[in-house]
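Subject: Structure handover

Hello,

Here is the structure I promised to pass on. Please open it first, then read my notes below.

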Amino acid sequence: MDKINSLRGMPDFYSDALISWTPVENKLEEIFRAFSISEIRTPIMEYTDLFKRSVGDTSDIVNKEIYSFNDRNDQSISLRPEGTAGVIRSVIEKKLDQQQSKFWYMGPMFRYERPQKGRYRQFHQAGIEFLGYQEGQADFELIALVCSIVNGLDIKNAKLKINHLGDKDSKIKFARSLVKFLEPYKDQMDEKDLERLNKNPLRILDSKDKKIQEILKDAPSLSDFISDSANSLLSTIQKTFGDQCIIEIDNKLVRGLDYYTGLVFEACSSDLGAQDAFIGGGRYDNLANALGGKDMPAIGLAIGLERLISISSVSKLDEKKVVFISSTSNIAPLAFKIANQLRITNSKISLDMDLTDSSIKAKLRRANKTDASHAFIFGDEEMSNKRVIVKSLLEDTEQVSMSIDECIDFYKEI
Ligand code: HAM
């Protein structure tokens with residue numbers, strides 16, 4: 001029979017990979033709690049309309065990358081491509097859109113992108129949303145959080161790019177002037193950039209085409225269209241946090257989701273390769289309104305966990321390991337009882353019960369190939385004497401026979 005493979009861009013994770021995930025996830029949770037942010041979990045599926053009205057139906061994410069299908073009731077459902085829309089849908093539904101809240105979440109997201117290093121079709125994000133806060137204090141707090149993540153996770157060669165998209169009016173004026181400037185260059189644009197020019201001109205600033213990047217050098221700058229207070233927010237952020245993080249004002253940073261309004265930012269690291277952004281975020285003051293809620297200014301970010309984990313040095317669990325070898329003529333239930341007593345005594349140690357039916361010798365050979373420090377051996381003789389043999393797997397010392405109580409005392413001190 002043909003074997004069934006996983007979907008492209010949707011990797012499985014085994015423990016050798018996950019061993020670097022847990023410490024990073026734990027560290028992030030620790031940082032989120034230090035900022036007094038509460039957790040929220042929303043479903044991985046939502047009505048497709050939610051993403052059309054938030055991420056935007058001119059965005060690549062909704063246009064080309066969303067996983068949508070009709071359910072048995074013929075309603076269009078989508079796997080979430082990001083977490084913000086679901087959080088806002090939820091707070092509107094729970095009538096929390098008139099108060100302030102700070103939320104964090106972690107989980108899988110889905111985008112039908114072309115898979116490559118650092119880019120997957122199922123990937124994981126940790127996200128933060130500060131809801132109900134006007135531009136100002138929350139923006140500083142969120143940038144402080146970005147710096148804490150960069151430093152707390154020991155990310156090297158990181159740079160935080162920041163920009164301000166202005167209010168609705170200035171965004172429209174800038175878009176008009178950009179389109180006017182680019183009109184004469186239309187015949188040099190590829191299909192993708194032409195589409196951007198028609199549907200969402202600001203996204204042209206994101207063009208990867210070298211020719212267009214060259215043309216854009218003389219294009220009008222967003223900084224000439226936004227207010228003095230917006231420009232001063234950018235420079236104050238740069239001044240305030242410049243000692244914690246390298247911060248660059250980048251007037252070409254526009255982000256790929258339609259809901260952004262004011263401050264936007266991306267943290268990148270040159271250690272990542274082509275897909276170099278490991279955090280993206282910004283302010284989205286009109287989103288709650290667009291989703292049928294009250295006016296609710298908000299700002300948030302999401303961290304790409306695959307990318308963050310690949311460059312963080314907080315990545316190894318320092319776990320002690322032992323092996324329990326029970327090899328008796330008949331199955332010895334007492335062995336499992338002793339092993340469990342040991343686990344309760346010191347739950348920080350990982351005790352691997354060898355469940356095969358092989359001989360003590362074969363089990364010891366296997367144990368020696370692991371990074372376990374000790375083997376606890378329980379054979380026929382130990383079963384009748386109610387004792388356990390403890391053997392070091394790291395040092396060339398004599399094995400010791402211990403009573404169960406002695407063994408428990410020993411286990412506390414490993
Ligand atoms: P985003 O920039 O689309 O923003 O995604 C945030 C991060 O998720 C990216 O910087 C990247 O590290 C990671 N990421 C995105 N797509 C992929 C992929 N295909 N494979 C691997 N990693 C990926 C958002 O999602 C917004 N919801 C952020 C936000 C929250 N804005 C306000 N609140």
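**How α2 and α4 pack**

Helices α2 and α4 are roughly perpendicular to each other, a label used for angles of 65 to 115 degrees (under 35 is roughly parallel, over 145 roughly antiparallel, the rest oblique). Their angle is about 110°, and their axes lie 9 Å apart. Axes are lines fitted to C-alpha atoms, for helices over the stretch in contact; angles run from 0 to 180 degrees between N-to-C directions. α2 covers residues 48-56 and α4 covers residues 84-93. Helices (H or I, at least four residues) and strands (E, at least two) are DSSP runs, numbered from the N terminus.

This is a predicted model: local features need pLDDT of at least 70, side-chain atom pairs count only at pLDDT 80 or more, and totals for chains, interfaces and linings use all residues. Residues are numbered from 1 along each chain as its sequence is written.

From α2, the contact takes in L50, F51, S54 and V55; from α4, T84, A85, I88 and R89. Contact means C-beta atoms, placed from the backbone, within 7 Å. Five of these residues are nonpolar, two polar and one charged. Here Ala, Val, Leu, Ile, Met, Phe, Trp, Tyr, Cys and Pro count as nonpolar, Asp, Glu, Lys and Arg as charged, and the others, Gly among them, as polar.

**How α5 and α9 pack**

α5 (residues 137-152) and α9 (residues 228-241) cross at roughly 40°, and their axes come within 11 Å. That makes α5 oblique to α9. α5 passes α9 in a right-handed crossing. D139, F140, I143, A144 and C147 of α5 meet L233, I237, T240 and F241 of α9. The contact has seven nonpolar residues, one polar and one charged.

**The ligand**

Which residues are closest to the ligand? They are E82, F123, G280, G300 and G304, out of 26 that surround it. Near means a C-beta atom, placed from the backbone, within 6 Å. β6 (122-131), β10 (277-283), β11 (298-304) and α11 (305-311) each supply at least two shell residues. β10 gives the largest share, six residues. The shell divides into nine nonpolar, ten polar and seven charged residues.

**Domains**

Domain 1 spans 15-167 + 226-311, and domain 2 spans 320-413. Their bounds come from an automatic or database domain assignment. The C-alpha centres of domain 1 and domain 2 are 48 Å apart.

Best wishes

Notes. Contact = placed C-beta atoms within 7 Å. Left-handed = near helix turned anticlockwise from the far one by under 90°.
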